[in-house]
Amino acid sequence: MKLFSSVHDVNDINALAKEALELKRNPYSYQHLGKNKTIALIFLNPSLRTRMSTQKAAMNLGMNVMVLNMDKEGWALELQDGAVMNGATVEHIREAAAVMGEYADIIGVRSFPGLKDRELDYSEDIFNKFVKYCGVPVVSLESATRHPLQSLADLVTIEELKTKARPNVVLTWAPHVKALPQAVPNSFAEWMCKADVDFTIAQPEGYELSNGFTKGAHITHNQEEALKDADFIYVKNWSAYEPYGKVTVGHEDWMLTNEKLKITDNAKVMHCLPVRRNVELSDEILDGSNSVVVHEAGNRVWAAQAVLKRMLESL
Ligand code: SN0
């Protein structure tokens, strides 16, 4: 594997999830694979789980790891071709990415959307420029429109915890105080549309995701209808796709509570984290027995390790 940026980079998602669970059982069985290989993890935005789980995954494979918090410690990056760089930007992505490719065998990149210019964000300009100029395999650590390592960990978690062959999985919008990217729900939706699950998305009117990510999903504005008989509930806030990046006030009643869980099939509750307690998800859910959010975060290691293993095998 030379690129991991979306579900479209994977032939068989079930085989990859299975490989992740095998690595969970035998974390150190491929320690030789990463010997004398280096991964550089480049962050243009904050991270806890992605940074630590990807570093742990790389170490389990015997790799060396370098982390650069580019937003805080790097030079201000110029992205425009032909720019006259007499302003705030110091270094062009053409040199920055190419130099990183000299130091690393694999590069991971995190770059969030600006949420102002939809066409620019959905063109994945920054991520694609890293891919183009670094010259080595690249893994997405969450780009403007997708978070594939999270989605793979989510699939692994569902495969691991499901009690029926084809579970009902519901992605439900949740309230928030800020405008958040569509990357996590877009990505979860496109993975679930390919997984062996019945998949429903529930969101208030105006929060429909781009239909490029949701083909095959049942989509509703009625949260109660969606939650009925759910086996897994994936909770996430996102801002509107149209009008782009906008949020509306209200919808506080979309927060998940124990009362709402009663109509589910004792559903397990998932969230990518970080979560705003008592805004997106209630204390009673997060501290209750249905929450699997920490277990899900633990599986980030095995998802990342399965992807890095395949990248190392293709070097
Ligand atoms: C990011 C998002 O894409 O929703 C990262 C999730 C893995 N989340 C946030 O930016 C949360 C920020 C906040 O203020 O709660």
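Mentor: A polar contact here is a pair of N or O atoms within 3.5 Å. The model is predicted, so local features need pLDDT of at least 70 and side-chain atom pairs count only at pLDDT 80 or more, while totals for chains, interfaces and linings use all residues. Residues are numbered from 1 along each chain as its sequence is written, and side-chain values use heavy atoms, with hydrogens and water left out.

Trainee: Which residue has a polar side-chain atom 2.7 Å from an oxygen atom of the ligand?

Mentor: The polar side-chain atoms of His176 and Lys236 also face ligand oxygen atoms, at 3.1 Å for His176 and at 2.8 Å for Lys236. The distance of 2.7 Å belongs to a polar side-chain atom of Glu142.

Trainee: How much of the ligand's accessible area does the protein cover?

Mentor: On its own, the ligand has 410 Å² of accessible area (Shrake-Rupley method, 1.4 Å probe). Of this area, the share that the protein covers is 86%.

Trainee: How many residues of the shell around the ligand are charged?

Mentor: The residues around the ligand, counted when a heavy atom lies within 4 Å of it, include Phe112, Leu180, Pro181, His147 and Arg276. The shell divides into 5 nonpolar and 2 polar residues, and the number of charged ones (Asp, Glu, Lys and Arg) is 4.

Trainee: Which strands stand at the edges of the open sheet, and why is one side of each left without a neighbour?

Mentor: The sheet has 5 parallel strands in the order S1-S7-S6-S2-S3, where strands are DSSP runs of at least two E residues and pair through at least two bridges. One side of each edge strand lacks a neighbour because each has a single partner, and these strands are S1 (3–4) and S3 (64–69).

Trainee: What is the omega of the cis peptide bond that joins Leu273 and Pro274?

Mentor: Most peptide bonds are trans. Pro274 is found in the loop between strand S12 (268–270) and helix H11 (283–286), and its cis bond to Leu273 has an omega of about 5°.

Trainee: What phi does Asn36 have?

Mentor: Asn36 lies in the loop between helix H1 (13–25) and S2. Although Asn36 is not a glycine, its phi is positive, at about 65°.

Note on methods:
A polar contact is a pair of N or O atoms within 3.5 Å; within protein, one must be able to donate a hydrogen and the other to accept it, and residues adjacent in sequence count only if both atoms are side-chain atoms. Helices (H or I, at least four residues) and strands (E, at least two) are DSSP runs, numbered from the N terminus.
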